[in-house]
Amino acid sequence: MKPDLELYMPVAGKVIPLEDVNDLLAEDMVGGIGAGIIPSGDIFYSPVSGKVVMVAENLNSVAIATKSGITILIHAGIDTAKLGGRGFCIYVREGDSVTAGDKLLYMDRDYVESRAKITTPLIITTPDMVGNIETDYYVNDAFVKFMEIFLAKD
């Protein structure tokens, strides 16, 4: 069966289950589903085409809404809000249209890792729209397909 939506790795790194990212995600999943990535790269790319619906004030996260209504949040690192934007640079603004592969943000891994965790959750914040997800945990290069989303059928 063909997926309704394909997501591409937003950054080079190791894919892990979302519940392995940290205790908060394991306990309540922050209202979403997805995967974690332990980045080995610094540049984060859009995993999908859509519209930027949120750019965090502290430059560490971006949310993209797709035409199908699925919203994807990329939160670069854990506990990175405390850095106040230091170690991050944003390439997009809220309202921008992006194509899969467009640059979203830069994270200075060395700086951030010395002050917070670099493990990055990619969260589908509209889980009620998702019927099934298939994740390839063996992908580790940026902009390689790593997740297939099948929408819930009414």
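Two strands are taken to pair if DSSP finds at least two bridges between them, strands themselves being DSSP runs (E, at least two residues) numbered from the N terminus. The structure is a predicted model, in which local features need pLDDT of at least 70 and side-chain atom pairs count only at pLDDT 80 or more, whereas totals for chains, interfaces and linings use all residues. Residues are numbered from 1 along each chain as its sequence is written, and side-chain values use heavy atoms, with hydrogens and water left out.

Strand S12 (residues 130-135) runs antiparallel to S13 and is joined to it by five bridges, with Asn132 standing opposite Phe150 in S13. Strand S1 (residues 5-8) is likewise antiparallel to S13, through four bridges, and Leu7 has Met147 of S13 as its bridge partner.

Within S13 lies Glu148, which counts as buried at 17% relative accessibility. Its side chain forms a polar contact of 2.9 Å with that of Lys145, a polar contact being a pair of N or O atoms within 3.5 Å, of which, within protein, one must be able to donate a hydrogen and the other to accept it, and residues adjacent in sequence count only if both atoms are side-chain atoms. Leaving aside neighbours within four places in sequence, Glu148 is in contact (heavy atoms within 4.5 Å) with Pro3, Leu5, Glu6, Asn132, Ile133 and Glu134.

Definitions and conventions. Buried < 20%, exposed > 50% of the residue type's maximum accessible area, 1.4 Å probe, protein only.
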